[in-house]
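Me: Hi! I am new to protein structures and would like to learn how to read one. Could we go through it together?

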Amino acid sequence: MQAAQVIMVTGAHAAALAVKSARVDVVPGYPITPQTSIMEALAAMVENDELDARFIPVEGEHSALVAAVAASAAGARVFTATSANGLLYMHEVLHMASGGRLPVVMCNVNRGIFAPWTLWADHQDSFAQRDTGWIQYHCSSNQEVFNTILQAFRVAEQVNIPVMVNFDGFAISHCLMPLTVPPQEDIDRFLPPYQPEWRLDPAHPSSFSNVTNAPEYAVFRQMLSRDILASIPLVKQAAQEYKDITGMWDGDTIDTYRLEDAEVVALAVNSMAAELRLSIDILREQGIKAGLLRPRLILPFPAEDIMEALPRNAQVMVLDRNYNFGHNGGILASELKSALFGRRSDITVKNRVMGIGGLDLTRRFMAAEIRAMMDE
Amino acid sequence: MTTSIKKLPDTEQVLSGNGSCGGCPATMALRIVGKALGPNAIMLLTPSCAVASMGMTPRLGYNWPCINVCFATAGSSASGIANALEIMKEKGRLQGELPTVFSWVGDGGTYDIGLQALSAAAERNDNFIHFCYNNEAYSNTGVQRSGATPRGSFTTTTPTGKRQPKKNMALLMLEHNIPYVATATVAYPGDLYDKVVKARNIPGMKYIEILAPCYLGWQFDMSETVQMSRMAVRCGAWLLWEAENGKISFNNPSSHIISGKKDPVPVDEYLMKQGRFNRFLKGPDASQRIAEIQNDIDREIAFMRERAKIAV
């Protein structure tokens with residue numbers, strides 16, 4: 001029995017190690033900052049025979065995702081990664097993957113969107129792809145990136161829906177943190193080999209994504225909508241079984257911190273939510289009963305779990321690192337309000353947009369923002 | 001020796017009851033391609049007439065597993081499938097002879113929106129055949145101009161005739177240093193068949209372009225598809241050639257035009273047989289405009305003659 005290894009790696013390298021542990025078959029890759037180092041690491045693993053897979057050095061992100069989708073249709077386990085404009089360039093292919101019910105797993109390393117150019121993190125890129133039919137995780141540490149990629153493959157292959165694993169550029173992708181790598185035999189137990197229900201096979205000629213009449217098309221879309229919601233229990237099950245095997249836990253659909261008796265609840269995703277734990281401690285020291293609710297899943301939106309976790313009469317301070325253009329605030333706040341409407345009239349929701357284009361979000365800054373929001 | 005049409009296999013991969021137009025050259029060509037490839041193949045399609053012809057979900061008029069992909073992505077999709085099959089075979093998850101991966105794509109999906117992904121796949125030399133059935137326009141959407149539309153041709157987006165010549169796509173593919181490039185057309189089925197058989201047995205990226213005279217877009221009677229295809233070759237508007245590892249050789253009857261043994265038939269009759277050049281050639285300067293088109297053809301013949309002499 002091998003023991004788990006603890007190493008110091010960047011978030012990008014943690015992602016590559018998870019992909020290697022998942023024993024993927026095909027990795028199409030294209031560089032974009034800050035995602036590039038994931039692809040560099042995977043290309044090196046393939047060339048050094050550490051990963052028995054094909055690396056396809058494509059000519060753009062549109063092709064990167066298409067090659068992954070097509071390889072998945074041929075029966076392979078596939079992975080690719082991107083950021084910001086690369087993700088936007090993939091937009092129609094995101095729909096092809098989800099509509100085609102192919103369990104592609106992709107990392108998006110969050111970065112603000114052009115124009116103007118920015119290299120730094122915000123969440124406009126992944127949130128702008130909310131309506132493409134992908135399951136979306138958002139992660140707050142290197143370890144969670146590693147753990148989530150393995151959980152993502154498992155969920156994707158159970159429901160035949162692609163999964164996007166998001167984490168912040170630089171704050172996660174380029175920062176070293178200790179990473180526990182479980183023994184490969186444990187990972188193999190958690191994530192068995194991919195056995196597609198259907199693949200492109202000359203022994204069984206069939207068409208994939210051919211033209212449909214409205215009755216068939218509507219049924220395909222209805223099934224996708226239904227099955228995205230049905231993935232929630234599988235997300236929880238994957239997190240629980242991952243914990244049972246590896247001992248590691250990042251939350252399931254949500255993660256909470258000092259929430260049980262909280263009167264003021266901060267709600268945010270990604271690395272800023274890790275920093276927010278420290279803001280919560282500051283607020284607690286100041287005598288404010290503060291807590292944190294961090295959705296790991298933003299699609300499907302874990303409405304039931306949030307509803308259950310929110311203490312009575314809580315004031316929820318949603319800290320959005322994106323804009324919901326046409327509304328006053330961010331997308332996460334809109335999602336929360338939509339879930340609460342008509343169900344929890346005891347809850348107050350307040351919202352601020354912050355950290356856009358990588359503006360620094362320190363624990364003191366966010367604690368002060370939450371205090372200011374309390375007085376609004 | 002070119003295989004005679006009488007010697008082509010009886011097997012059919014294009015099934016009866018598909019949705020193609022009468023006299024459709026692309027479907028005729030696909031029948032011949034099917035005879036050469038057999039059933040052990042995977043077909044990729046981008047939006048085109050071939051998709052409209054294959055029947056609607058869940059029916060399928062082609063006897064292969066068929067994947068519809070985004071318009072711009074024939075090259076990268078085929079790369080994904082080819083790489084997936086190879087690694088799964090290496091890992092022992094697939095047994096037996098791997099299927100031939102082939103894309104069946106129009107000139108829009110090849111010359112225009114699909115060029116970037118196709119070029120990259122060629123540069124990587126991924127293992128599949130890209131077929132371009134070239135009807136010299138976006139026929140499926142009702143005949144709009146493409147990069148393959150020749151000078152003078154009417155389309156709905158060039159209502160008085162296109163003002164630019166077409167580009168030489170097959171030659172562009174050859175300059176990617178891929179192991180096999182060929183051109184063909186439906187009037188020479190044995191030539192097409194032999195080229196597909198050859199391509200099937202060469203590892204790496206293969207490109208085969210098939211001139212496909214479309215009665216709807218070119219405006220001729222649907223019974224004259226084969227005749228139109230033959231006229232295009234005889235006047236040199238379409239050259240039959242193939243290149244194995246970069247060495248170009250011309251096939252009959254284009255080889256006689258290139259060698260100078262036979263002069264190409266003047267282009268006039270070819271143009272007049274079709275309705276698509278009528279507008280361009282109406283009026284007092286018609287003869288000058290015919291000369292412009294003739295000049296495009298002569299230039300390509302001269303260029304290809306010289307290019308074929310380069311063998312490194």
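Reply: Happy to! Let's begin with a rule: two strands pair if DSSP finds at least two bridges between them. Keep in mind that this is a predicted model. Now apply the rule to strand β6 (residues 135–138) and strand β7 (residues 163–168) of chain A: they pair in the parallel sense over 4 bridges.

Me: Which residue of β7(A) stands opposite Ile135(A)?

Reply: Look for Val163(A), which faces Ile135(A) across the pair.

Me: In what order do the strands of the sheet lie?

Reply: In chain A the order is β4-β5-β7-β6-β13, giving an open sheet of 5 strands with mixed pairing. At the edges are β4 (79–82) and β13 (297–299) of chain A, each pairing on one side only. From one strand to the next, the twist averages 25°.

Me: Which strands does α7(A) touch?

Reply: Helix α7(A) packs on the sheet and touches β5 (105–110), β6 and β7 of chain A. The direction of α7(A) makes about 165° with that of β7(A).

Me: How do I describe two helices that meet, such as α7(A) and α9(A)?

Reply: Start with the distance and the angle between their axes. For helix α7 (residues 142–159) and helix α9 (residues 214–246) of chain A, the axes come within 9 Å and cross at roughly 135°. The crossing of α7(A) past α9(A) is right-handed.

Me: Which residues make that contact?

Reply: From α7(A), they include Leu150(A), Arg154(A) and Val155(A); from α9(A), they include Ala230(A), Leu234(A) and Tyr242(A). By class, the contact of α7(A) with α9(A) has 9 nonpolar, 4 polar and 2 charged residues.

Me: What are the domains of chain A?

Reply: For chain A the assignment gives domain 1 (5–246) and domain 2 (254–374). Their C-alpha centres lie 26 Å apart. The contact takes 28 residues from domain 1 of chain A and 20 residues from domain 2 of chain A. On the domain 1 side, α6 (124–127), β6, β7 and α9 of chain A each give two or more residues, and α9(A) gives the most, with 5 residues.

Me: How many residues of chain B are in contact with chain A?

Reply: There are 36 residues of chain B in contact with 40 residues of chain A. On the chain B side, α3(B) gives the most, with 11 residues. That side has 22 nonpolar, 11 polar and 3 charged residues. Strands also pair across the two chains: strand β9 (residues 207–208) of chain A and β2(B) run in the parallel sense over 2 bridges, with Ser207(A) opposite Cys66(B).

Me: How many residues lie between the strands in the hairpin of β7(B) and β8(B)?

Reply: That hairpin has 2 residues between its strands, and Asn245(B) takes a positive phi near 50° there. Strands β7 (residues 241–244) and β8 (residues 247–250) of chain B run antiparallel and are joined by 4 bridges. Within this pair, Glu242(B) stands opposite Ser249(B).

Key. Residues numbered from 1 in each chain as written. Chains lettered and ligands numbered in written order. Predicted model: local features only at pLDDT ≥ 70, side-chain atom pairs only at ≥ 80, totals over all residues. Axes fitted to C-alpha atoms, helices over the stretch in contact; angles between N-to-C directions. Left-handed = near helix turned anticlockwise from the far one by under 90°. Contact = placed C-beta atoms within 7 Å. Nonpolar A, V, L, I, M, F, W, Y, C, P; charged D, E, K, R; others polar. Domains from an automatic or database assignment.
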